[in-house]
Amino acid sequence: MAAFEVNGKAVRVEADADTPLLYVLRDELQLNAAKFGCGLGQCGACTVLVNGEAVLSCITPVAMLEGKRVTTLEGLGTAQAPGKLQQAFIDEQAAQCGYCIPGMMMRAAALLAKTPQPTDAQIREAMQVNLCRCGTHMRILRAVKRAAKA
Amino acid sequence: MRALLTFLAVACLLPGGACTSSIDPRPDSLRQSFDERVIEHGAQLAAIGDCYGCHTTRHGAPFAGGVGMHSPFGTIYSSNITPDRQAGIGAWTEEAFRRALREGVRRDGAHLYPAFPYDRFALVSDEDAHALYAYLMTRTPARAAPPRNELVFPFNVRAGLALWKALYLRAPPAQKQTDAVLARGEYLVEGLGHCGSCHSPRNALFAEERERAYQGGDLEGWHAYAIESHIKAPIPWDADALAFYLRNGWHPLHGAARGTMGLVTAELRAAPEADVRAMAAYTVALMGAAAQRRSANATRLEQEPLRQPRDAPGFGRDTYRSACLQCHDGAEAMPFGGVQLTRSLGLHGESPRNLINVILHGLGPAQGATSPMMPGYAGALDDAQVVELVTWLRANLTDEAPWPDFRRVVEESRRMDPGTLSFPPGGAGTDPLFAKAP
């Protein structure tokens, strides 16, 4: 059991303390943007923000989250009113299969919060944790750049 | 102030003291050529000395210097050792290079700071110094000038280094080992490899404490573990395991190298295997009989897939089970799985610093090599949680006494540049010279 904040709302979850945040988001809170990829913290598909930092939710037990602020992709905007990062990814058509994209956007959100005008090298360095198997990397990099300019 | 003036006056009066002579520049017109085999030998020696690691910034040109080294007196930036005539050592004769290497004196006669380990390099033979010179003088010149040192007075006065040298610079000791392999290892470990420069504690004037040699030291946000009889490895090292570790940066019974040691192991991939084996054999001899005594758990640790924690439910156990054990359960061997934490020197060693660095920042993948990787937890864990987890790991997975209060270490680690955990092995590893080496 743990109490924390998700996208600005206080939540109290019933899951055991060692349950990964990803399972709680998807199964208990019906927030399905974060994806299960490898389950080992190696692909980045499950990336969310905790207190503004990018965190891999598949290997983050809810025990770590007591009193903290979690932000998922749902917290950045909606299909009707996309946030600026989401709009940039749409404009650059940065998704192919799209499975990695929520994680990519959250990783980029953490970067832009700290470094609003990143250089190409800074974008590459920050994003290298997240994998895309379709190969849309160039579009993803452009989308991050576009969001920084927006 | 009076004491200081006395200090400087004394320094100037010392034999060969503050006022060492300048060596004339090499004529610009003189083109030097070196035997290709000598250059290759020099490249291998440079890998053993890890010249690249201290003389190359993360995004800088190889050997162009500018790496900041932090001391209680301020920051010293490494020199440009490319053959550029203005910014580097292009105007240096071999004699000037040899003198810098072994006596810590610049071509123009100024003293070099002992962040450059000339106290160790004093052991380097003429032949090896020649090969190193040949290698460095045939690298690509870089015009980059390193930033100015940021040292507090009086340490920003180079003349004072004469006094430091009078106090601490000794003629190299005679070799003690008679066995050929151990003698080779001794020559490399004590000299060019300068292992003791990091693995020994330093005194108030930043000199190695020779009577406590290899008992462990702290630098650049990392702890270099004791590698003599005080070593805490739960499974004793043998020469084969250590040679593997030195060349690969990890070993399944011991764990992974990162930070400053990661730079060393990345370079040693390009060193001759026989030399690395000799260094390993000598280092294991340094560890001695005491370190070879197996901890009560060693055999069990090697064979058992995993030691179950003794503890009751709680934050430490929950985190260990749901975060750590995902990879550290021994189901997959290193480097694709994590080291079983019951085997890791990170949990057993004399300092929690490296463990905390890795928990917070993870292990970035090494570029161009198979290596362990780990995601960092800096975003998910606050300082109090890190303290609780580390305390739990130490208490439940080792038989060692708890570490003294280390909250300050957590705060320091959080501020460190996480890029240092994923420094791409460069230098020798990416030097085209090695593309054709066997």
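Author: Two strands pair if DSSP finds at least two bridges between them. Helices (H or I, at least four residues) and strands (E, at least two) are DSSP runs, numbered from the N terminus. This is a predicted model, in which local features need pLDDT of at least 70 and side-chain atom pairs count only at pLDDT 80 or more, while totals for chains, interfaces and linings use all residues. Residues are numbered from 1 along each chain as its sequence is written, chains are lettered from A and ligands numbered from 1 in the order in which they are written, and side-chain values use heavy atoms, with hydrogens and water left out.

Reader: What makes strand 1 and strand 5 of chain A a pair?

Author: Strand 1 (residues 2–6) and strand 5 (residues 69–71) of chain A are joined by 2 bridges, and at least two are required. The two strands run parallel. In strand 5 of chain A, A:V70 is the bridge partner of A:V6.

Reader: In what order do the strands of the chain A sheet lie, and which are its edge strands?

Author: The open sheet has 5 strands in the order 2-1-5-3-4, with mixed pairing. Strand 2 (9–13) and strand 4 (53–56) of chain A each pair on one side only, and these are the edge strands. From one strand to the next, the twist averages 40°. Axes here are lines fitted to C-alpha atoms, for helices over the stretch in contact, and angles run from 0 to 180 degrees between N-to-C directions.

Reader: Which helix packs on that sheet?

Author: Helix 3 (residues 101–114) of chain A does so, touching strand 3 (47–50), strand 4 and strand 5 of chain A. Its direction makes about 35° with that of strand 3 of chain A. Contact means heavy atoms within 4.5 Å.

Reader: Why are strand 1 and strand 3 of chain B said to stand at the edges?

Author: The open sheet of chain B has 3 strands in the order 1-2-3, with antiparallel pairing. Strand 1 (68–71) and strand 3 each have a single partner strand, so one side of each is left without a neighbour in the sheet. Strand 2 (residues 74–77) of chain B is joined to strand 3 by 2 bridges, and B:G74 has B:L151 as its bridge partner in strand 3.

Reader: Why is the pair of B:F244 and B:W250 called edge-to-face?

Author: Rings of Phe, Tyr and Trp (its six-membered ring) pair if their centres lie within 6.5 Å; planes under 30 degrees apart count as stacked, over 60 as edge-to-face and the rest as tilted. By this rule the count comes to 14 aromatic pairs over all chains. One of them, B:W164 and B:Y168, is tilted, with 5.3 Å centre to centre and 55° between the planes. These two residues lie 4 residues apart in helix 7 (residues 161–168) of chain B, about one turn of the helix. The rings of B:F244 and B:W250 have their centres 5.1 Å apart and their planes at 85°, so this pair is edge-to-face.

Reader: Are B:W164 and B:W250 buried or exposed?

Author: Buried means under 20% relative accessible area, exposed over 50%, partly exposed in between (1.4 Å probe, protein chains only). B:W164, at 8%, is therefore buried, and B:W250, at 10%, is buried as well.
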